[in-house]
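Let us walk through this structure step by step. Keep the 3D view open as you read.

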Amino acid sequence: MKKHQATAFLLLLLAALVCFFAGREFLTMHEEEAVYPSPHLTIKKRLSDYFPGLKNSPGDSSVYIFEGQKMGGTLLILGGTHPNEPAGFITAVLLVENLEVTQGKVIIVPRANNSGFMHSDPQEGNPQRYSLSTPGGPRWFRYGSRLTNPIHQWPDSVLYVNPAGQKLSGTESRNLNRSYPGRKHGKLTEKIAYAIMQVIDNEKADLAVDLHEAAPEYPVINAIVFHENSAELAAVTLMTLQMEGVDIRLEASPPNLRGLSHREWGDFAKTRAVLLETANTSHGRLKGRPSATLIINGKDKNYMKAAQLGLLFVPFDEDGISLKQRVSRHLASLRALVSGLHELHPDLCIQLDNLPNPIEVQKVGIGPYLTPSK
Amino acid sequence: MIQIIYHFLVLYLTFHLIWFVIREKKFWNQLSGVIVLIMFLLRLLLIK
Ligand SMILES: [Zn+2]
C-alpha cells in the first residue's frame, strides 16, 4: 500500500469515529423527556388517533385528555408549536402533571410539533437540553427548533404557498404556525396542522389556546392574540389579569395574515382561538452566549442595555425574565381565559382543580410542581 | 419516492468522496474530503 493510501484509510477511520460519536450525540435529540401525567388523567391519545395519516411519523404526538364528571366547556391547550419556546411547552407539561378537571374537558398537546423537538437550529449554539430541579432530583427537557426537522420534511421550496393561500418564504413550510388549516396529503407540518384541526373538530373545542414565546425585542409579547370571534373573551381576560397585577395587552389577529392558529382555528374550526406570548431571552437576537441557564433564568446583560436604550417591548432589568415568571404568566392567562369563558357563557364552565397557582410558581419555581423523576 | 432518489444521490456522492480520498496524494486535500464526507454520512443515516 502506498503512503497516501494508508493516510486515506486512517482519515476514513477517523471520519467513521467522528460520525459515531457525533451521531450518538445528535441522536439524543430524538429522545423524548419523561412526562408523568396526573392521576386524574382520563385518557392519553395520540394525534394519529385523530388523523391516521400521522401514524408512525415523527409528527405524531401525545394528546392528554382530562374529562370532568359534569358537562361543561372544552378547552384545547397546545404547547410546543415552536419547540424553542420553552414556557409554552413547560406550562403544558405542568398542567398534564397536576390537573384535575371536575367539570368540562381539557385536552393538552405539549409537543404540538414533535419533529421540531428532534433537532436544534443550526448555527445557534443552543443547548440540547435544560434541567429543572424537582424535589426528587433534576428533570431534563428538550430545547428544540422553531421549525420541523429538515430530515423529516424537505426540500424547502423557494416560495411556500400555505394551505390558507398566503405566500411565504420556503422555510416557513416547516413552521406549524403558518400551516393551518393543514393539508391531509400535504407536507409533514401541514399534516400535523391538519391533525390539530381534527382534534378541535372532533372534540368540539370551545376554546383553543396556542402557547408561545417571542424575543423581548419583538412587539407582540406579553400579549393575548385573539381571533375576532373571541374579542369579548380576550377583553374580559385582560381585565381579570390586570386586576391580578399581570401586565398584558391585546392584539387582534390580522385577517390577512393567514395560516396562523389564531386565524385559521377561528375561521375553519369555528373555535374561539387565542394565542399567548411571553418574552423569552434565549429566543432573542440580542442575547449573549446561549446556555441552559439563560433559558431558565432569562438574565442577559445585552438585553438590560437594550431596555435602557428603549428598544424592548417589555421591562427588563438585572433579574431577567425567568422561565418560572413566563410559565406563571401563561398559567394566569389560562386561568383568566377559563373564568372569562364561564362568565360569558355559563354553560361552558370548565372547572380546573389543582392548577398550579401562578403566584406560587413565581415564588417557589416550577420544580415543586413537577413529579419527581423516577 | 423522493426519499429514494435523495438517498441514492447522497450515496453516490459519498462513494465519490471516498474514492477521491483514496486516490488523492496531497494530505490537506484528503483531509478536506473527509470533513465533507462526515456530513454526507450523517445525512445518509438520516441523523442530522
Ligand atoms: Zn412561537
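This is a predicted model. Start with two strands of chain A: strand 10 (residues 223-226) runs antiparallel to strand 12, and four bridges pair them. In this pairing, A:Ile224 stands opposite A:Leu276 of strand 12.

Strand 12 of chain A has another partner. Strand 9 (residues 207-214) pairs with strand 12 in the parallel sense, over eight bridges. Here A:Glu213 has A:Thr278 of strand 12 as its bridge partner.

How many of the eight residues of strand 12 of chain A are buried? Eight of the eight are, so strand 12 is largely enclosed by the rest of the structure. Look at each face in turn. On one side sit A:Arg272, A:Val274, A:Leu276 and A:Thr278, all buried.

Now turn to charge. Side chains of opposite charge can pair when their charged atoms come close. Over all chains, the count comes to 19 salt bridges. One of them joins A:Glu124 and A:Lys287, at 3.9 Å from N to O. This pair links distant parts of the chain, 163 residues apart. A:Glu124 lies in the loop between strand 4 (100-109) and strand 5 (129-134) of chain A. A:Lys287 lies in the loop between strand 12 (272-279) and helix 7 (292-297) of chain A. A:Lys287 has a relative accessible area of 12%, so it counts as buried, being under 20%. A:Glu124 has 23% and is partly exposed.

Another salt bridge joins A:Glu172 and A:Arg178, at 3.5 Å from N to O. Both A:Glu172 and A:Arg178 are buried.

A:Lys363 forms a salt bridge with A:Glu360, with the closest N and O atoms 3.6 Å apart. The two are separated by about one helical turn, because they are three residues apart in helix 10 (residues 358-364) of chain A. A:Lys363 is exposed, with a relative accessible area of 60%. A:Glu360 is partly exposed, at 30%.

Salt bridges can also be linked together. A:Glu228, A:Arg258, A:Arg263, A:Glu264 and A:Asp267 form such a network.

Finally, look at the surface. A:Leu10, A:Leu13, A:Leu17, A:Phe20 and A:Phe21 form a nonpolar patch there. Together they have about 540 Å² of accessible area. A:Phe21 belongs to helix 1 (residues 3-27) of chain A. Its relative accessibility is 47%, so A:Phe21 counts as partly exposed.

Notes
Residues numbered from 1 in each chain as written. Chains lettered and ligands numbered in written order. Predicted model: local features only at pLDDT ≥ 70, side-chain atom pairs only at ≥ 80, totals over all residues. Heavy atoms only, no water. Patch = residues over 30% accessible without salt bridge, like charges linked within 9 Å, V, L, I, M, F, W, Y side chains within 5 Å. Areas by Shrake-Rupley, 256 points an atom, 1.4 Å probe, with all protein chains shown as cover. Salt bridge = Lys/Arg side-chain N within 4 Å of Asp/Glu carboxyl O. Buried < 20%, exposed > 50% of the residue type's maximum accessible area, 1.4 Å probe, protein only. Pairing = 2+ DSSP bridges.
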